[in-house]
Amino acid sequence: PAPSALLPYVPRVAPTALPGKVTATTFALEMPRCVFEGHANASDAIWLVVAFANASDAFRNPPSRDDVPPYERLPTAHSYMTLETAAATYACSALSPAVLRVGGDTACGGQGGQDPCNGPLPSPGPYRVKFLVMGCHGPKAETRWSDPILLRRAASPSTIDPTPARRDSAVVVVASILASLGAALAAAVLGAVGAEVWGSLCRRDLGTGAFAHRSYRTHHIPPALPQPLPPGCGCSPPGLGCFVPRPPSPCPAQ
C-alpha cells in the first residue's frame, strides 16, 4: 500500500482543567477537530494508536483492520490501537465531546483479544499516541506522535509531609490552640453532664427514708387473717389460712 500522509497535528493532553485529566490508569486527550479534512471520507475510520514512549518508533501501521494490534498485546508488543471512530466524528461541524478518554473502559481484558478495547493503562508509562486514518485498503493518513505522557501514581504514605508547605508556623500554632480549646470545651461539657446524672442517681435513694415524705401506691395484697376458733376450743397451734368462714365444729377428742 502507498505510504500514509503525515499530518502536522500533534496530539496532546487536554489543556483545560477537568477532574481526572491524568490519573494512574487514564488520561484525557483534546478532540482533534478539523484535523482530517481532505484526508478522510465518510467510509474511513480513525484510530488512536497507544504505545510506550520507547517503542513508538518501532510501531508499524497495520495493512488492514484485521491486523490491528489489540489491547491485550500491550504488555508484550508495547503498543495497541483503540477508539475506532467514524471520520465524521472529528469534522469541524461535529457536536462531539471536547476530550477523548484513553483507558476509561474497565471491562476490558475478558474479551479474548478479538475486539478493540480501551482498557486501563497498566503502568505509569510514559506513553505516546497518534491518530491513524484507516480506509478500505489500509492506512491513508496519520498525525505525528505526541510528546511523552506520564501517568500519576499515588505517593508512599511515608513521603507525606504532616505540615503542608503552604502553611507557616503561625497557622500551625493557631491550629494547635484551637484544637486544645476544643478538647477543653468537650471535657467541660462531659463533666457537667456526668455531674447531673450522678446527682440524679443520688436522689434516687432506695432506703426507707426516701419514701418518708412521699405519697405512693402499692399493689401489695395483704395475707388473710386467721379465722377465730369456735368458743371453748383450745386447739394448738391455731389454724391459719381460713379464708372462708366455716360452721363451728366440735373440738377434737383429747
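**Note on disulfides, cores and salt bridges in a predicted model**

1. Cys108 and Cys117 form a disulfide, with their sulfur atoms 1.6 Å apart; a disulfide here is a pair of cysteine sulfur atoms within 2.5 Å. The link of Cys108 and Cys117 is left-handed, with -100 degrees about the S-S bond. Cys108 counts as buried at 14% relative accessibility, and Cys117 counts as buried at 2%. Buried means under 20% relative accessible area, exposed over 50%, and partly exposed in between, with a 1.4 Å probe and protein chains only.

2. Basis of the values. This is a predicted model in which local features need pLDDT of at least 70 and side-chain atom pairs count only at pLDDT 80 or more, while totals for chains, interfaces and linings use all residues. Residues are numbered from 1 along each chain as its sequence is written, and side-chain values use heavy atoms, with hydrogens and water left out.

3. Overall layout. The protein has 2 helices and 7 strands, in the order β-β-β-α-β-β-β-β-α from the N terminus. Helices (H or I, at least four residues) and strands (E, at least two) are DSSP runs, numbered from the N terminus. Of the 254 residues, 28% count as buried. The accessible surface comes to about 17200 Å², and 61% of this surface belongs to carbon and sulfur atoms; the areas come from the Shrake-Rupley method with a 1.4 Å probe, and for residues only the protein chains shown count as cover. Among contacts with a separation of 6 or more, 69% are accounted for by residues 24 or more positions apart, where contact means heavy atoms within 4.5 Å.

4. The other disulfide. The structure holds 2 disulfides. Cys34 is joined to Cys92, S to S 2.0 Å. Cys34 lies in the loop between strand 2 (27-30) and strand 3 (45-52) and Cys92 in the loop between strand 4 and strand 5, so the pair ties together parts that are 58 residues apart in sequence. Cys34 is partly exposed, with a relative accessible area of 41%, and Cys92 is partly exposed at 46%. With bonded cysteines counted along the chain, the disulfide pattern is 1-2, 3-4. Cys136 counts as exposed, at 69% relative accessibility.

5. Tyr90. This residue is found in the loop between strand 4 (79-86) and strand 5 (99-102) and is buried, with a relative accessible area of 2%. Leaving aside neighbours within four places in sequence, Tyr90 is in contact with residues including Met31, Pro32, Cys34, Phe36, Leu100 and Phe131. Glu37 is also in contact with Tyr90; the C-alpha atoms of Tyr90 and Glu37 are separated by 8.7 Å, at 53 residues apart along the chain.

6. Nonpolar cores. A nonpolar core is a set of buried Ala, Val, Leu, Ile, Met, Phe, Trp, Tyr and Cys residues joined through side-chain atoms within 4.5 Å. In the largest core, of 30 residues, Phe27, Leu29, Phe36, Val50 and Phe131 touch the most other members. Strand 2, strand 3, strand 5 and strand 6 (127-135) each supply at least two residues of this core. A second, separate core of 10 residues includes Phe59, Val68, Leu132 and Trp145. Beyond neighbours within four places in sequence, Phe36 is in contact with Leu7, Ile46, Tyr90, Phe131, Val133 and Thr143.

7. Ser79. Ser79 is found in strand 4 and is buried, with a relative accessible area of 7%. Its contacts beyond four places in sequence include Val50, Phe59, Pro69 and Arg73.

8. Salt bridges. The structure holds 4 salt bridges, each defined by a side-chain nitrogen of Lys or Arg within 4 Å of a carboxyl oxygen of Asp or Glu. One of them pairs Arg12 with Glu30, the closest N and O atoms being 3.1 Å apart. Arg12 lies in the loop between strand 1 (5-6) and strand 2, and Glu30 in strand 2, so the pair ties together parts that are 18 residues apart in sequence. Arg12 is partly exposed at 43%, whereas Glu30 is buried at 16%.

9. Lys140 and Asp44 meet in a salt bridge of 2.7 Å, N to O. Lys140 is in strand 7 (residues 138-142) and Asp44 in the loop between strand 2 and strand 3, 96 residues apart. Lys140 is partly exposed at 32%, and Asp44 is buried at 4%. Lys130 and Glu142 also meet in a salt bridge, 2.4 Å from N to O; Lys130 is in strand 6 and Glu142 in strand 7, 12 residues apart. Lys130 is buried at 4%, and Glu142 counts as buried at 13%.
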